[in-house]
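The following exercises concern a single protein model. Please examine the sequence and the coordinates before reading the solutions.

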Amino acid sequence: MYGSVSRWRVKDGQQQALEQLFSEMMGEMPPGSRGVCVYRSDTDPQEYWIAGRWDSKDAYTANSNAPGTDATYRRLRALMDGDPEWHDGEIVFAQP
């Protein structure tokens with residue numbers, strides 16, 4: 001299994017728009033996706049952490065290169081203060 005954990009900082013007042021966009025995106029999971037969790041920080045409501053799980057690094061990479069992924073990212077990025085911080089790697093342990 002493969003995964004990504006990212007940190008996003010939303011522009012002030014854009015939390016609801018971001019959460020709505022996340023909700024739209026979660027309606028249809030891409031091939032190879034095992035799920036995603038989106039966390040909003042207790043200490044800073046403008047900070048979000050996203051953890052995604054994939055069948056493999058190939059499935060993750062295929063999604064990254066899929067048509068439409070860049071357009072979706074640009075919609076998300078427009079709501080952010082800056083670029084997200086990405087941490088990708090092999091998942092060595094997970095419970096369902």
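Two exercises with worked solutions follow, on a predicted model.

**Exercise 1.** Determine the strand order of the open sheet, and state which strands stand at the edges and why one side of each is left without a neighbour.

*Solution.*

Step 1. The open sheet has 4 strands, and their order is S2-S3-S1-S4 with antiparallel pairing.

Step 2. Strands S2 (33–40) and S4 (85–90) stand at the edges; each has a single partner strand, so one side of each lacks a neighbour in the sheet.

Step 3. On average, and with direction ignored, neighbouring strands of this sheet are turned by 10 degrees against each other.

Step 4. For the pairing of S1 (residues 2–9) with S4, there are 6 bridges, and the two strands run antiparallel. Within this pairing, Tyr2 has Glu90 of S4 as its bridge partner.

**Exercise 2.** Describe the largest pocket by its volume, by the elements that supply its lining, and by the classes of the lining residues.

*Solution.*

Step 1. The largest pocket holds about 840 Å³ of space.

Step 2. Its lining comprises 30 residues; Met25, Pro30, Trp54, Asn63 and Thr69 are those nearest the centre of the pocket.

Step 3. At least two lining residues come from each of S1, S2, strand S3 (47–54) and the helices H1 (15–25), H2 (57–64) and H3 (69–77). Helix H3 gives the most, with 5 residues.

Step 4. Sorted by class, the lining of the largest pocket contains 17 nonpolar, 10 polar and 3 charged residues.

Technical notes
Residues are numbered from 1 along each chain as its sequence is written. This is a predicted model: local features need pLDDT of at least 70, side-chain atom pairs count only at pLDDT 80 or more; totals for chains, interfaces and linings use all residues. Side-chain values use heavy atoms; hydrogens and water are left out. Two strands pair if DSSP finds at least two bridges between them. Axes are lines fitted to C-alpha atoms, for helices over the stretch in contact, and angles run from 0 to 180 degrees between N-to-C directions. On a 1 Å grid over the protein atoms alone, a cavity is a set of points where a 1.4 Å probe fits but cannot get out, and a pocket is an open set with protein on both sides within 12 Å along at least five of seven lines; lining residues have an atom within 4 Å of a point. Grid points are joined across faces, edges and corners, and a volume is the space filled by probe spheres set on the points. Ala, Val, Leu, Ile, Met, Phe, Trp, Tyr, Cys and Pro count as nonpolar, Asp, Glu, Lys and Arg as charged, and the others, Gly among them, as polar.
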